[in-house]
Each structure stands twice: as C-alpha cells, then as structure tokens.
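Trainee: I would like to go through the charged side chains here. Can we take them one by one?

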Amino acid sequence: MTSLIHARGLVKRFDGFTAVAGIDVDVQAGEAFGFLGPNGAGKSSTMRMIGCVSPPTEGTLEILGLDPRRDGPAIRARLGVCPQTDNLDPELTVRENLTTYARFFGIPRRTARARADELLEFVQLTERADARVEPLSGGMKRRVTIARALVNEPDIVLLDEPTTGLDPQARHLVWERLFRLKKQGVTLVLTTHYMDEAEQLCDRLVVMDGGRIAAEGSPRDLIERYSTREVVELRFATEDQSAYADKLDGIAERVEVLPDRVLLYTDDGDAALAEAQGRALAPASALVRRSSLEDVFLHLTGRTLVD
Amino acid sequence: MTSSGYVLEYHLVNYRRTWRGSVLSSLVLPLLTVLGFGLGVGAYVNGGVDGVAYLDWIVPGLIASTAVQTALGEATWPVLSYFEWNKMYFAQASAPLRVTDILGGHLAFMAFRVLTAVAAFLLIAAAFGTLHSPWALAVPPLAVLAGLAVAAPVTAYSAFVTTDSYLAILFRFAVLPMSLFSGVFFPVESLPVALQWVAYALPLWHAVDLSRAATLGLDPGSGALFQVLYLLLWCVGGWLLASWRFRARLVV
C-alpha cells in the first residue's frame, strides 16, 4: 500500500531555529493520524509543510505521490485545511465563505452552492447559512472552517488543533462530525494537545517533542509501551508529598511525586492501593484509574511548561 | 477562467455588500470637490490657468487624484487586514492558488475600483461641461494605469508593515505631499525647483498631466509616451516588490 503522506528526514529551519528536526512519517489512506506534542514541538510547522504552504528545508516529502516543492497547487487542490486560527471572512455570510472558497478550486458556481448547502447541513449550520460570520460563536466559526475545508471533497483533511478553545458541546459535535468523515474514508491528519481528542479520533499518532518524534503508535500501543495499565493517585494531608515516596517504595513499577500528589504506575491499582494502606499510610484521598494517553504524553515530553 | 479571476470574484462578492454606499460616494465626492474647488476656488482665479478656465483645468487633476486615492484606499488597510486581522490571504494560500494569483486577483479588484470611481467622476465632469475632447475616453485606462502604479508598490508596503500606524505614516508623509504638490490644484511650475522634481518623480503628476491633456484636447507631445512608460515602470516595480513581500509572508 502506498502512503498518502510520506516523509523521510523532514526538516524545517527558520533563520537558525530548527522547528522540525528530521522526522519520518507515513500516513495511509483512510487513516486518522495525529501529531501530539507540547507547544513548540513542531506540529504546526509539519502541518504547514504537508499543506504545501511551507517548503521543507531538507528531506523527502511526498503527498498523494506528488512533490510539494513542484506540484503545490495540484496537491492543495486535493487537501482540505482547517488552520489553527479561523481565517474566515467575517464580513461575508456563512454560505458566501464556502462558495467563494469553492471557486478558488475552480468548482462551478452551481456545484459550489449545492455543496455549501450540504456541508452546512453536515455541520448543523443550515439556519445560519445567510448570517454574517462575524457575530457567530467560536464553535460555530470552527464548524464553518471545517465545512470550508471540505468544499473541494478533499482526499486528506488537515486539522490544526480542531477543537482548541471550544466548549464541551461544540467539541463533541466536532468530534462526532470528524468521526463521520473518517467513516466515509476521508484521511484525517490532525494536531492536538488534548489527549482525549487523540484517543477519540486517532488510529495512529506520533508524539513530537523538540522537533523530533518521541514515540509512534496507536493510542493503545503507546499506553502499553510507555505507561502501566492503571495509575493510583494518592494525596497525603501534608505539605511535602515526597516524604511518602520512600515508604511507597516497591509498591508500583514507577512512583512519581508531584507537588500535590503521588502517582503509582502499576498494572493492578487496587492491589497497590491495598498494599499502601497495609503499610499504614493513610492518604487523604485515593483514586485508581486507567492509564491514559495523557500519562504517556507527560512521561515522554515532561511536566515542565514549555512556552 | 484563470485562478486570479477566482480571487477577483471573491473581492467582488465582498464588494457587493457595500457597493451602493461606494457608488454614492463615488458620485457625491466628485460633486463636492467640483463645486468646492472648481467653482468655489475657481471664482477667485482670474483668467484661469494657462488660458484655461480654472474649473476645466482642475477637473482632470481631480480625476487623476481620485484614481490614486481610490487605489491607495484599497492597497492599504484591506491588504494589512488580509495579512494581520482576518488572514484571508492565508486562507487563499491553502487553496490551489499561487501567490501571483492572490496578488493579481487583488490588484485586479483595485483596478476595478479605480475604474468605477473614475467613471463616476467623468459623469460629473461631463455634466459640468468640462470635457472638451473625445480624448477624455483615454482617461479611464490612464486612471487604471496610474491607480496600479500606486496600488502595486503600496500593496508591497502594506504587506511589509504589521501595524496600521505605518499606514498613517504613509498617508501623512507620502500621500498628502504628493496630492498637494502634483499639479492637481495649481501648476507644479509654481513650486520651488526641488519640489518640482519630487512631483516629477512621483506617479500622480504624470497622471494629472496626461489626464489634463486628454480632457482639454491638448497635444501632450512625445513626452506623453515616456510618462506612460514611467507609470508602467511603477506598476512593474511595485508588482515585483509586492510579489516578493507576499511570497515572504505566505510561503514560509
């Protein structure tokens, strides 16, 4: 099977600053593929290279079997792009935003109009079709942007943080629509720093850190590889949680002390908790939960804030 | 249709929202300036300028000035906004358009705006009986040329700056002096020699001079060819600068 996106040793440098430091990526048709990573990890730079608006500094990049350096317009004709910040025309109506954009792809006016109506139905904005974009809520604008990205019936849809800044209702609606697209066989490539989003949507993902790929796999693979099945969160009624670290020694595969709690990484959370209680350690609160992608993410990219 | 045609179409759809107000002001502003300067100031100009009634003399200058002002209006805030505020250029860049389509389509729209504004002014000018030669028909294409001679480099400037205080600076220190000293309101010969050369260097004076020859039916002489070429030079230079800036902003 040939990949729709094929990158080898892909590098992007800006005046001495390396945003992407040599990554290998393959995205197959029909897949939902995610780029995860903290701010500055190189996700958006990678997306812009795939979107053919940013020429790679080094390395191989093939999209739909074409070379972005040479065939930019031909590739972009088959991509749908939902950028990190909405760039709709706030003065135009919702429908006009879609129809004028469709024209950039050479889509005939009548077809553009019909497709705009379908897509507005798809993102549940039919009633707002003739409303100006400017006063719409963030969630609605996001849906207009997603609808606009679909106006050319793209083979690949690129979504840069599709639900950042949306309220839970809007996020779930967007997820549900993206999931439907995936069902229809559209290839999705997205960036996110919401782990639940990645777990919901992505078949496969890479965790990026400092311009490199730190890990790759399905959400389940990554959890298995980089975390334990369960996590026990203990909070002790004391200023210094680390005082308990030694006493918890050997209970779990890995013990992580945070300023406000202690995490025990283990395959059997209940057993670990019972043993902690058996050692006469009485945490103020205890929670046994399944390991999530967030644990993997923090393990791989660290807890230090990167701005 | 070419890709820049689709971009022009987008700008026209956008213009459809405001065209009524825009057409109205395209008619009212000329009327006010013709009344105010042509008749008002003209009443104090005895014997006209170079043997031509002041009203007849100033109208072609005002037309050229309108062409340039319209071009400036379109090449400043909208361009800045498409880069900095609503980021429409970036949206266009993710479609299968090339940078030259995005720039070309927008400049074509600016030319359209210049053309409509000048056509409206010509109607007013005709109503006041100030067009004295069939050569007045050469004014619209001339106005488009002058409009682009200003729009292209100013588009490059607007694509270079990132806040609109720089646009205010442009208007204060470049546009205002150019409008005052380019022979629109009084002959450039009344200026000190140094300022005359500033007028000759800028595009507006050439547009004023050529328009004046056209509406008054004067022989512009062989210099007219060089004036047209000079305006073309501004267009080409501006285009090169603007596409360089657009590429630097949109393809990074």
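Trainee: Is Glu153(A) buried or exposed?
Mentor: This is a predicted model, so the values are computed from it. Glu153(A) has a relative accessible area of 54%. The cut-off for exposed is over 50%. Therefore Glu153(A) is exposed.

Trainee: Which residue forms a salt bridge with Glu153(A)?
Mentor: Side chains of opposite charge can pair when their charged atoms come close. Here the closest N and O atoms are 3.4 Å apart. The partner of Glu153(A) is Arg115(A).

Trainee: How many residues apart in sequence are the parts that Arg115(A) and Glu153(A) tie together?
Mentor: The bridge between them has its closest N and O atoms 3.4 Å apart. Arg115(A) lies in helix H4 of chain A, and Glu153(A) in the loop between H5 and strand E6 (156-160), so the parts tied together are apart in sequence by 38 residues.

Trainee: Does Arg115(A) count as buried or exposed?
Mentor: Buried means under 20% relative accessible area. Arg115(A) has 16% relative accessibility. So Arg115(A) counts as buried.

Trainee: What is the N to O distance in the salt bridge of Arg95(A) and Asp130(A)?
Mentor: The two side chains meet in a salt bridge. Arg95(A) lies in helix H3 and Asp130(A) in the loop between H4 and helix H5 (138-149), so the pair ties together parts 35 residues apart in sequence. The N to O distance is 2.5 Å.

Trainee: Which helix holds Asp117(A), another salt-bridge partner of Arg95(A)?
Mentor: The closest N and O atoms of Arg95(A) and Asp117(A) are 3.1 Å apart. Arg95(A) lies in helix H3 (residues 94-103), and the pair ties together parts 22 residues apart in sequence. Asp117(A) lies in helix H4 (residues 109-122).

Trainee: What is the relative accessible area of Arg95(A)?
Mentor: Its partners first. Asp130(A) is exposed, at 56%, and Asp117(A) is partly exposed, at 32%. Arg95(A) is buried, with a relative accessible area of 13%.

Trainee: How many salt bridges does a search of the whole structure find?
Mentor: Some salt bridges are linked in a network. That network holds Glu233(A), Arg235(A), Asp260(A), Arg261(A), Arg289(A) and Asp295(A). Over all chains, the search finds 30.

Note on methods:
Residues numbered from 1 in each chain as written. Chains lettered and ligands numbered in written order. Predicted model: local features only at pLDDT ≥ 70, side-chain atom pairs only at ≥ 80, totals over all residues. Heavy atoms only, no water. Salt bridge = Lys/Arg side-chain N within 4 Å of Asp/Glu carboxyl O. Helix = DSSP H or I, 4+ residues; strand = E, 2+ residues; numbered from the N terminus. Buried < 20%, exposed > 50% of the residue type's maximum accessible area, 1.4 Å probe, protein only.
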